[in-house]
Amino acid sequence: GLAASAAPQKHLVVLVHGLSGTAADLGYLARRLEADASVRVLASGANEPFPRTLDGVDAGGARVADEVRQVASAYKTISFVGNSL
């Protein structure tokens, strides 16, 4: 999850792992993106632990959407990066 910040951030980048993945799979990308002070990263954990990635795109997408809705109002722009093999 994300901790609340004092001032709204300009850009939230949501990283979403693929089948059988974890938020840690995108750790390198998260660190590189967060080097830009105007970017905040949400490495989604909504579909963890592993069996949760097996119930389909609709269910997984709904969980990610719920996670993003919790913080979306604090950001001017939201981008999504999905990773799957």
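Here is a short chat about a predicted model and its largest pocket.

Trainee: Hi! What should I know before I start?

Mentor: This is a predicted model, where local features need pLDDT of at least 70, side-chain atom pairs count only at pLDDT 80 or more, and totals for chains, interfaces and linings use all residues. Residues are numbered from 1 along each chain as its sequence is written, and side-chain values use heavy atoms, with hydrogens and water left out.

Trainee: Thanks! Where does asparagine 47 sit?

Mentor: Asparagine 47 is in the loop between strand 2 (39-43) and helix 2. Helices (H or I, at least four residues) and strands (E, at least two) are DSSP runs, numbered from the N terminus.

Trainee: Is asparagine 47 buried or exposed?

Mentor: Buried, with a relative accessible area of 8%; buried means under 20% and exposed over 50%, with partly exposed in between (1.4 Å probe, protein chains only).

Trainee: And which residues is asparagine 47 in contact with?

Mentor: Leaving aside neighbours within four places in sequence, asparagine 47 is in contact (heavy atoms within 4.5 Å) with His17, Arg52, Thr53, Gly60, Arg63 and Val64.

Trainee: New topic: how is the chain built along the sequence?

Mentor: The chain has two helices and three strands, in the pattern β-α-β-α-β.

Trainee: How many of the chain's residues count as buried?

Mentor: Of its 85 residues, 32% do.

Trainee: Back to contacts: what share of those with a separation of 6 or more joins residues 24 or more positions apart?

Mentor: Such residues account for 69% of the contacts in the chain with a separation of 6 or more.

How values were computed:
1 Å grid on protein atoms, 1.4 Å probe; cavity = no way out; pocket = protein on both sides within 12 Å on 5 of 7 lines; lining within 4 Å. Points joined across faces, edges and corners; volume = space filled by probe spheres on them.
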